Each structure stands twice: as C-alpha cells, then as structure tokens.
Amino acid sequence: MTKKLGADSVGQYLRERREAKGLTQKDLADHLGLTSPQYISNCERGLCLPSLRALVKLKPKLGLDIEKTINLYVSQTEGRLQKALGNKAKKRA
C-alpha cells in the first residue's frame, strides 16, 4: 500500500488551487491531453508526483506560485530519495 503524502504536498496544493479555480479533475486531465482524470486524482492523493511537464502546463491554468511549487516538489523528492536510500542521505550544510 502506498502511503499518502501530508498536507504540505504538491498534490494537496494542486487540489487547493484546482478547487479555488472551480475546476474538476477532468478539466485538468483534458487540459493535459489525458483521457482520464485518474492521473490528477493520483497526484492529489499523493500516490505520485506530477511530472515536470504537467506542472509547466498547469501553472497558468491554476495560477501556481512558482516558489511554493518548487519548494514542495523538492521537499517531497528529497523525502522519497531518503526513504528509498534507507535514510542514509545526509543533509548538506
């Protein structure tokens, strides 16, 4: 079973922005050229991180804050890498 990400995740941020814009997951899937909203749902539930290509396309549609999106994405990626490497990766000063 895949663990869901916390409230400070890219997926949660995407969901907040989507809802604030009054859009559905299907609206975003259509915008990305997808045939199903499943990818959007998976990203929002923290089952996967959106691709960089998807984030670039969603930025104007959702009005994403670049700095916040980058910080969330880097933080999640770092956490996943540390977990995958057995938490042996040390933070650099």
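User: What is the relative accessible area of K26, and how is such a value read?

Analyst: Buried means under 20% relative accessible area, exposed over 50%, and partly exposed in between (1.4 Å probe, protein chains only). K26 has a relative accessible area of 44%, so K26 is partly exposed. D30 is also partly exposed, at 44%. This is a predicted model, in which local features need pLDDT of at least 70 and side-chain atom pairs pLDDT 80 or more, while totals for chains, interfaces and linings use all residues. Residues are numbered from 1 along each chain as its sequence is written, and side-chain values use heavy atoms, without hydrogens or water.

User: What joins the side chains of D30 and K26?

Analyst: Side chains of opposite charge can pair when their charged atoms come close. Here D30 and K26 meet in a salt bridge, 3.0 Å from N to O (a side-chain nitrogen of Lys or Arg within 4 Å of a carboxyl oxygen of Asp or Glu). Both sit in helix α2, 4 residues apart, so about one helical turn separates them. Helices (H or I, at least four residues) and strands (E, at least two) are DSSP runs, numbered from the N terminus.

User: How many salt bridges does the structure hold, and which residues form a network?

Analyst: The structure holds 4 salt bridges. Through shared partners, R15, R18, E19 and E44 are joined into one network.

User: Are R18 and E44 buried or exposed?

Analyst: R18 counts as buried, at 9% relative accessibility. E44 is buried too, with a relative accessible area of 4%.

User: Which residues of α4 are buried?

Analyst: An α-helix has 3.6 residues a turn, so residues three or four places apart point the same way. In α4, the buried residues are A54, L55, L58 and L62. They fall within an arc of 90° seen down the axis of α4, so they line one face of the helix (the arc is that of directions from the helix axis to the C-beta atoms). The face turned away from this buried side carries L52, R53, V56 and P60, which are exposed. Elements covering the buried residues include α1, α2, α3 and α5 (contact means heavy atoms within 4.5 Å). After α4 comes G63, with a positive phi near 65°.

User: Which residues line the largest cavity?

Analyst: On a 1 Å grid over the protein atoms alone, a cavity is a set of points where a 1.4 Å probe fits but cannot get out, and a pocket is an open set with protein on both sides within 12 Å along at least five of seven lines; lining residues have an atom within 4 Å of a point. The lining here consists of L14, L28, L32, Y39, I40, C43, E44, P50, A54 and L58. Of the elements, α3 gives the most, with 4 residues.

User: Which residues line the second largest pocket?

Analyst: Its lining is L52, L55, V56, K59, L64, I66, T69, I70, Y73 and V74. Two or more of these residues come from each of α4 (52-62) and α5 (66-84). The largest share is that of α5, with 5 residues.
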